[in-house]
Amino acid sequence: MFSQQPQDLVVVAGQPVTLPCSIPGYHGVVLWIKDGLALGVGRDLSGYPRYTVIGDHSTGEHHLRIQRVELMDDAVFECQAIQAAMRSRPARLTVLVPPEDPVISGGPVVSLRAGDPLNLTCHADNAKPAASIIWIRNGEVLNGAMYSKTLLRDGRRESTVSTLYLSASNIETGQQIICRASNKAVPNGKETSVNIDIQHLPLVNLSVEPQPILEGNLVKFHCSAKANPPVTLYRWAKGGNVIKEVSGDTYEVIVDHSFFTEPVSCEVTNPLGSTNISRNVDVYFGPRMSAEPQSLQVDLGSDAVFNCAWTGNPSLTIVWMKRGSGVVLSNENILTLKAVRQEDAGKYVCRAVVPRVGAGEKEVSLTVNGPPTISSTQTHQALHGEKGEIKCFIRSTPPPDRIAWSWKETVLESGTSGRYTVETVSTEEGVISTLTMSNIVPADFQTIYNCTAWNSFGSDTEIIRLKEQGGKGNVLMSTESLPVAVIIGVAVGALVAFIVLIGTIGAFCCTRSQRNLKGVVSAKNDIRVEIVHKDHNAARENEEHTAMKQLMVSVSLCPMSVY
């Protein structure tokens, strides 16, 4: 059994170390294992010149001696008795590596310009573990340094970088600042130092006259400097761009709005360096757009939010209005319209005013998605035997999915059916659907035509009639062909019949519809046409039109009136 086994050890690189292994009474082969690999057989470690097995072999001593420990010796070691099938406990040999001598960038003398802060960087490389760095001035440790470390490619050593920042008010010329690096390998640390040399750069003042000034007028910049040694160069720039045509201490220019946000700088140079100073000009200028509003398309009932931003000097005022209205909607950059309706659609203006300087405006559009709206002349004229046409104009956002004309038992969306042709044309304002009839016959003047449009938000319907053009006795298919009293009587009779008996009203509807309004509106191919009256004519005609609509709705309750 083992009387001595290797133990975990920590050693500084370059020092010797001995790992003990004693097995009294054992005379077989002993192997030393490093990170799982045998170093040699018995005491033959010829492959490792710095490694030696020492001790009295007869008493079972097989100690491993390492001369001048290196980083590669950082490993786990075991002592194994082969014939006895014994192995010692694994022992970790930790090798410490002191950092190289620290180096301060720019040393041993660091020169800086008066008024500039001091940034010192010290690095201590190739240490294990990573070195700690402190800064010392006049025997006192300076706090606030930034510290970082980098693992090297061997995966064991690390390099350390420390950056010390001192404000201009916290440094003096002639001071000595020390960088001390230490780790477990060198507890007392290694150090280096720099001396601070503060040089005098040009002291510069930049004046601008006159101020404030209206855009488009002349301004003079004067760059006065005191320097030791004397000034060797003046360089001017605006917004970071060098003004090559100016080289002296004065710069004259006609200013525009950009001088308000892009400073003019004067850089003065002497043999020790440069000093740069800049000034903005208090330029008065009219509104300039910095965030352009965008036209919107929103659904009915949703909120619409416009954003409009202007810059100007002095302070400007923003006004939001709807085009054609004198009502101020907002004085902020953002205009919010809550739960928009279709009548909110239109043009909106964002106007900005800089008092006594100027004004500007930007127009945007609001489009409201909703059901279609149809407008049309309720009566169109045509000549018997000639070609006639009736039109309906559809405003719809989004565009209509379907447009259908219906009369009697016919529904036509596009193309030609017999004497009838439907054509649809899109314009900037909306869609025009035209129903054309060839060879007009008297029955065409007795027919009610329905134009219906659908989109994803709903539908709208308009009733249109055809009137014979010129001459006496021409028949207008309106309530003139059905006296008002008759229509009202029919409607009242239908209502009473419905209250008494559903069956009676059904029979009554079928009879009346077949005799008086045979096939007025069809609903083929699952198209349901809603008849909606719109007020376009005089009061008397509106009443008759409404009565006709009520009658047609009553008739539509009975399928037999359609089929």
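Which residue in β18 is the bridge partner of A181? That would be K190. Strands here, at least two residues long, are DSSP runs of type E, numbered from the N terminus.

Before going further, a word on what you're looking at: this is a predicted model, where local features need pLDDT of at least 70, side-chain atom pairs count only at pLDDT 80 or more, and totals for chains, interfaces and linings use all residues. Residues are numbered from 1 along each chain as its sequence is written, and side-chain values use heavy atoms, with hydrogens and water left out.

**The open sheet**

Back to A181 and K190, which are bridge partners. Strand β17 (residues 176-183) runs antiparallel to strand β18 (residues 186-199), and 7 bridges join the two. Two strands count as paired if DSSP finds at least two bridges between them. Both belong to an open sheet of 5 strands with mixed pairing, in the order β11-β18-β17-β13-β14. The edges are β11 (109-113) and β14 (140-142); each has a single partner strand, so one side of each is left without a neighbour in the sheet. On average, neighbouring strands of this sheet are turned by 35° against each other, direction ignored. For that angle, axes are lines fitted to C-alpha atoms, and angles run from 0 to 180 degrees between N-to-C directions.

**Around β45**

Now for strand β45 (residues 458-468), which pairs in the parallel sense with strand β37 (residues 379-382) over 4 bridges. Strand β44 (residues 448-455) pairs with β45 too, but in the antiparallel sense and over 8 bridges. With 2 residues between them, β44 and β45 form a hairpin. As a reminder, strands of a sheet pair through backbone hydrogen bonds, either parallel or antiparallel.

**Salt bridges**

How many salt bridges does the structure hold? There are 21 of them, each a side-chain nitrogen of Lys or Arg within 4 Å of a carboxyl oxygen of Asp or Glu.

| Pair | Closest N to O |
|---|---|
| R89 and D8 | 3.9 Å |
| D74 and R156 | 3.9 Å |

Take the salt bridge between R89 and D8. This pair links distant parts of the chain, 81 residues apart: R89 is in the loop between β8 (86-87) and β9 (91-96), while D8 is in the segment before β1 (9-12). R89 is partly exposed at 33% relative accessible area, and D8 is partly exposed at 47%. The cut-offs are under 20% for buried, over 50% for exposed and partly exposed in between, using a 1.4 Å probe and protein chains only.

D74 also forms a salt bridge, with R156. Those two are 82 residues apart, with D74 in the loop between β6 (63-66) and β7 (75-81), and R156 in the loop between β15 (146-151) and β16 (158-166). D74 is buried at 7%, whereas R156 is partly exposed at 31%.

Elsewhere, salt bridges that share partners join D74, R92, K128 and R156 into one network.

**A buried glutamate**

Finally, E267 lies in strand β25 (residues 264-270). Its relative accessibility is 18%, so E267 counts as buried. Leaving aside neighbours within four places in sequence, E267 is in contact (heavy atoms within 4.5 Å) with L233, Y234, R235, S274, T275 and N276.
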